[in-house]
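Structure goes here, notes follow.

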Amino acid sequence: MCGIVALIGSREAAPQLLEGLRQLEYRGYDSAGIATVEALPNGGGAPEGRLHCLKAEGKLLNLTARWEEQGAAGHCGIGHTRWATHGKPEERNAHPHLDGSGQLAVVQNGIIENHRSLRELLQAEGVMFRSDTDTEVIPHLLARRLDALEKEGHLIDAALLLRAVQEVLPLLHGAYALAVVWAKAPGALVVARRQAPLLIGLGEGEFLCASDTPALAGFTRTILPMEDGEVALLTPLGIELYNATGERVQRNPSLLTGTEHVADKRSFRHFMLKEIHEQPETAALWVARHLPEGALVALPLDEAVYCGVERIQILACGTSRHAAQVGAYLLEQVAGVPTTVFYASEFRYAPPPLSPHMLTIGVTQSGETADTLAALTMEQQRRQRHGDPAYAPRMLGITNRPESSLGRLVSHILDIGAGIEVGVAATKTFMGQLLAFYGLALAFAERRAAAGLRQPGLPDHGRLMALVAQLRELPALLQALVEDHDRRCAELAHLFTDTQDVIFLGRGINYPIAMEGALKLKEISYIHAEGYPAGEMKHGPIALLDARVPVVSIAVPGTVFDKVLSNAQEAKARDARLIGVAPACPDTELFDTLLPLPIVDELLSPLLTVIPMQLLSYHIAAHRGLDVDQPRNLAKSVTVE
Ligand code: AGP
């Protein structure tokens, strides 16, 4: 949600800022802007500069076109791609925001929660606001502070800008990352973060700062992730890093490894399609890492994660919550651990009473979802306050970004290792999250059996070994399924040209997959869709059905196969067009269209049934000519509550 880039060095900044923004555009794309500072010849006096600011509503190419017309000189600058929180997606609300004199520019990612009171205060002192954003208070506050410092006789230089930022930050409440440039200090860039990501990339004689790794990957592999509360002054000569209390901090940079940080569409029409096709690879990597020969499962987690756990609670949002629901099914039905899934956004305001020996799992592919982080923080704090060791926080994060804020918040991380996902609609990271839960359920099952805690009715060792054997076959199964269903769903998409509502039905372990199918369709095609447990249809939603409402029904052999088929019959009797995600067999001939699946153990079926959900949504949206990778109103990572 929103992307920040900032650069200082010896080259023209604007082209690199625009390239950095291009890499981050998936994080927000309703408007964009850059500000650069051009150093002016000063005849031996204090350095002076001219600030150039360009903004454009809509996609980044509008900003690029503006830059091509007007230019923006300077070796230092900041850029932003926006997902609107405060104020409509209009040019005047696009970042950077300037102070009254137009000499100081700020980009911000996050929310300044007390912006209203600050705005009122500033307005009472005569400050005129040009935007509806929360961010605009920052340049005005900084300008006033700089004015005051100048009047006190302080030298106008980079250090003064740093000092003003350090003095203004305590006035701001909320979670944010920001970058500031000032025409009067053309060789200085100040950046700061509080509970929002910001990383500094170290190039040769230049520094790039960004809110996410894709903007850095093409620039440098040497990075310095900023920590909470830190402020940095970047000049062409180096970095000065300070902690929240203003003390100088020294830290060694780290290296970005692999190609997973580079966003590349290859020959696919959209990132989403490419990422759907990458799922066999996601599975192959996971199998290679976590299903070694001769063992049930090997996860890189401390025994402290499992030891003595009596209950599990999982906090997540959106697609990650659907993965968590499949996970809860597995943890209960395979390992016998009572597990509850919460919407992270609800948990914080209505937490359940504390239970002892609880493992709390946060699931977020980005590791930056504000709702999830806030809920985990709240849970951690209330458990720390409790004092009884039985209630002590034990937190595990499942993420695709171990270096994210989640990675810093919780003590144990399970990296799903899916590589960068650019499409706003999560696909391969969902696969990675599901696999993480298969691993966890197997690991818990193994430990509980060893401790004599196996409950009757749960899979025995033989079935667990058979599950693992089938999991090893998963990459090949997925490969065939993705290729086959890509073609089938492309052919099916034209049937949805005038469709306004779709119902997705599933039961048991596939109920979350029905919800995921509905979410995917809503997100990228803007068609109204509902995911329902098939047995609930007759309790109300069946009233919606007629010949204009297609029903996608997930029916896999196992505990609820016949039940789901009966529920599908009920829909057919109301003239609904039935699409079955099911094996080809006489039982499934009732479907008007079949998206056929190979038969696997029912417990593994979500890993397959999700593929037609993703491809159907993709092809329906693409057929409608929609912007699949950057659907309206959405952002890849939602860093505001
Ligand atoms: C997925 O397609 C969605 N874009 C969205 O629901 C997403 O899953 C949700 O915002 C949570 O994101 P996270 O996994 O990064 O926490």
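I began with arginine 487, which comes out partly exposed at a relative accessible area of 44%. Bear in mind that I'm working from a predicted model.

Next I asked what arginine 487 pairs with: its side chain meets that of aspartate 484 in a salt bridge, at 2.8 Å from N to O. Both sit in helix 14 (residues 461-492), 3 residues apart, so about one helical turn separates them.

Asp484 and Arg487 are linked with Arg488 and Glu491 in a network of salt bridges.

I moved on to helix 1 (residues 13-24), where glutamate 19 and arginine 22 are also 3 residues apart, which puts about one helical turn between them. These two form a salt bridge, and their closest N and O atoms are 2.9 Å apart. How accessible is glutamate 19? Its relative accessible area is 36%, so I put it down as partly exposed.

Another pair I looked up was arginine 548 and aspartate 546, whose side chains meet in a salt bridge at 2.6 Å, N to O. Are the two partners buried or exposed? Arginine 548 counts as exposed, with 65% relative accessibility.

Last entry: how many salt bridges does a search of the whole structure find? I noted down 30.

Definitions and conventions:
Residues numbered from 1 in each chain as written. Predicted model: local features only at pLDDT ≥ 70, side-chain atom pairs only at ≥ 80, totals over all residues. Heavy atoms only, no water. Salt bridge = Lys/Arg side-chain N within 4 Å of Asp/Glu carboxyl O. Helix = DSSP H or I, 4+ residues; strand = E, 2+ residues; numbered from the N terminus. Buried < 20%, exposed > 50% of the residue type's maximum accessible area, 1.4 Å probe, protein only.
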